Amino acid sequence: MQQLTHFSPKTSFSSFSPLRPLFASYTYPLKSHFYPFFRLNLQSCPLRRPSFAYHVGNKSGVSMESNVVSPEVAASVDSVTQDLQNQSLGTDGGDDKNSSSGKLKLEDLNWDHSFVRELPGDQRSDTIPRQVMHACYTNVSPSAEVENPQLVAWSDSVAELLDLDPKEFERPDFPLKFSGASPLVGARSYAQNYGGHQFGMWAGQLGDGRAITLGEILNSKSERWELQLKGAGKTPYSRFADGLAVLRSSIREFLCSEAMHNLGIPTTRALCLVTTGTHVTRDMFYDGNPKEEPGAIVCRVAQSFIRFGSYQLHASRGKEDLQIVCALADYAIRHHFPHIENMSKSDSLSFSTGDEELSVVDLTSNKYAAWIVEVAERTASLVARWQGVGFTHGVLNTDNMSILGLTIDYGPFGFLDAFDPTYTPNTTDLPGRRYCFANQPDIGLWNIAQFASSLQAAELINDKEANYAMERYGNKFMDEYQAIMTKKLGLPKYNKELISKLLNNMAVDKVDYTNFFRLLSNIKADPGIPEDELLHPLKAVLLDIGKERKEAWINWVKSYIQELAASGCSDEQRKASMNSVNPKYVLRNYLCQSAIDASEQGDFSEVRRLLKLMERPYDDQPGMEKYARLPPAWAYRPGVCMLSCSS
């Protein structure tokens, strides 16, 4: 097995975070280089390769070799139900292959299986937990026990991506097919093999332990969409787990996949959610008190589920598997980055690195270098968008990082309520808070570094190209984050000092992140507003602040109004613009929990109501105002706002 040297990116920056003194008592593993306004210089950062190790003899079968970073570190129910009954009704299609709308039945979907056709597979097809060598996947079939499965919710917009007739959701056998109990015509199921760093430590082989891909569908636009059943049963990568999923986590993943998409954030999607009719035993808090929970399966959809860890695993296994790193890279470029395959010298993709020797990176001379630069920029853009809406992923291990720049693997996640840069939704991440909200930009960089090292191990890119990709990550993140925050405040241009002071004030007073920015659009650009009226538009979120803090907020609002007045934009135009980027509704944890509690009693109406609500998160939706309220006191009980990885 090849031994590689671990790399942790080093940065130098010209400004000091105004929030650093405020949170000096917390230990940030990566010192929050990006949060909130740093400009990085990675040109002089030497890239070293990560250390991988796998030891078969331990109890778990996975060695956790320590690296540099420590792991401590009002619509009524009836009306909504009627809407849901109506939303899938199309024109009559009779028994034709296509309905009159041009949509397909399940039997007529256009399956393709490029992943298994073009990449090496496991010679075995059993589900015995084991090390799967020299293979990108294992052919396995769904095996979850199913008794009278029930369709809970579905996404018409995802069905449209697949050219699937929405009337297919009404089929009596639909829940059977999407629980894995009845095979889909044309499907060819498998589980992916990959590894990854978990909480900064190399974990060796991980893989799809409970996710089974059915195959890829080519739609009428020649777009490739992979369908995957999460919670469908054991695979060789399940280790000591059962390969199943519970209703609790499945509701969260289904709703958040669609909510994030409607917020405009790249994400995997979800076609449907079904219950299995059986129960799964889970110890939710890892406290020795397991209980039975309803089982469920989500059908996830993405153009690809390939992760950083897909490359890392094979890079860690030595000379023979380095060919697989190359094959995986070629596959990804061919099917998901074809513009890179076809680029030419005329594209002028040459950049100076600032070094005296060999100072030019010519991306047209190495498609892999061009590829990792695009992956880095997609990742940076994704993380910037997370920061903009206050989303915290919770488990940013390298095996949970998509090469397509998608939000993937919704385990413990959370949207900020009270603004706290140290917020983490994952109890496993305490007390180190490696994956807290403020650390996400740095973790994205760290993960890109590990991905780059894997490509280096296969000699697909060199040090200079790897460093350039990381530099592009830093620049792309800062450019996008600054643009997002400028739009959120309705400013004519980026104002570092104004935004910095705002975030400091929000953190000190624990201001609700979503509601504050939504209410901010109500401030008028009128310097003549009396001082005692300045905070009226924000009174719903500035709760219980004393005299000193009130003065701090008045001073900030005065500065803000001066900036607005200088822009020349009308209050009406600015409000419309701000409301288009500041959502009124986000999928808060307590909203999910309300839906979960009802669903576990057999009432799925709240899941469907939330799905419909989250289709238009930026719109004022009459009768639904209660879903934009501050969280109630019960929302802070264990298991609502802090969640473990158990699912």
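Guide: The terms are taken up in turn below. This is a predicted model, in which local features need pLDDT of at least 70 and side-chain atom pairs count only at pLDDT 80 or more, while totals for chains, interfaces and linings use all residues. Residues are numbered from 1 along each chain as its sequence is written, and side-chain values use heavy atoms, with hydrogens and water left out.

Visitor: Why are α5 and α17 called roughly parallel?

Guide: Helix α5 (residues 247-262) and helix α17 (residues 605-613) pack at an angle of about 20 degrees. Angles under 35 degrees count as roughly parallel, so α5 and α17 are roughly parallel to each other.

Visitor: Which residues make the contact?

Guide: Contact means heavy atoms within 4.5 Å. I251, F254, L255 and E258 of α5 take part, with V607, L610 and L611 of α17.

Visitor: What makes S222 exposed or buried?

Guide: Buried means under 20% relative accessible area, exposed over 50%, and partly exposed in between (1.4 Å probe, protein chains only). S222 has 63% relative accessibility, so S222 counts as exposed. S222 is found in the loop between β7 (211-218) and β8 (224-230), and its phi is near 65 degrees, a positive value in a residue other than glycine.

Visitor: How do you know whether E459 is buried or exposed?

Guide: The relative accessibility of E459 is 70%, and therefore E459 counts as exposed. E459 lies in the loop between α10 and α11 (463-489).

Visitor: How many of the residues in the chain are buried?

Guide: Of the 647 residues in the chain, 60% are buried.

Key. Axes are lines fitted to C-alpha atoms, for helices over the stretch in contact, and angles run from 0 to 180 degrees between N-to-C directions. Helices (H or I, at least four residues) and strands (E, at least two) are DSSP runs, numbered from the N terminus. Angles under 35 degrees count as roughly parallel, over 145 as roughly antiparallel, 65 to 115 as roughly perpendicular and the rest as oblique.
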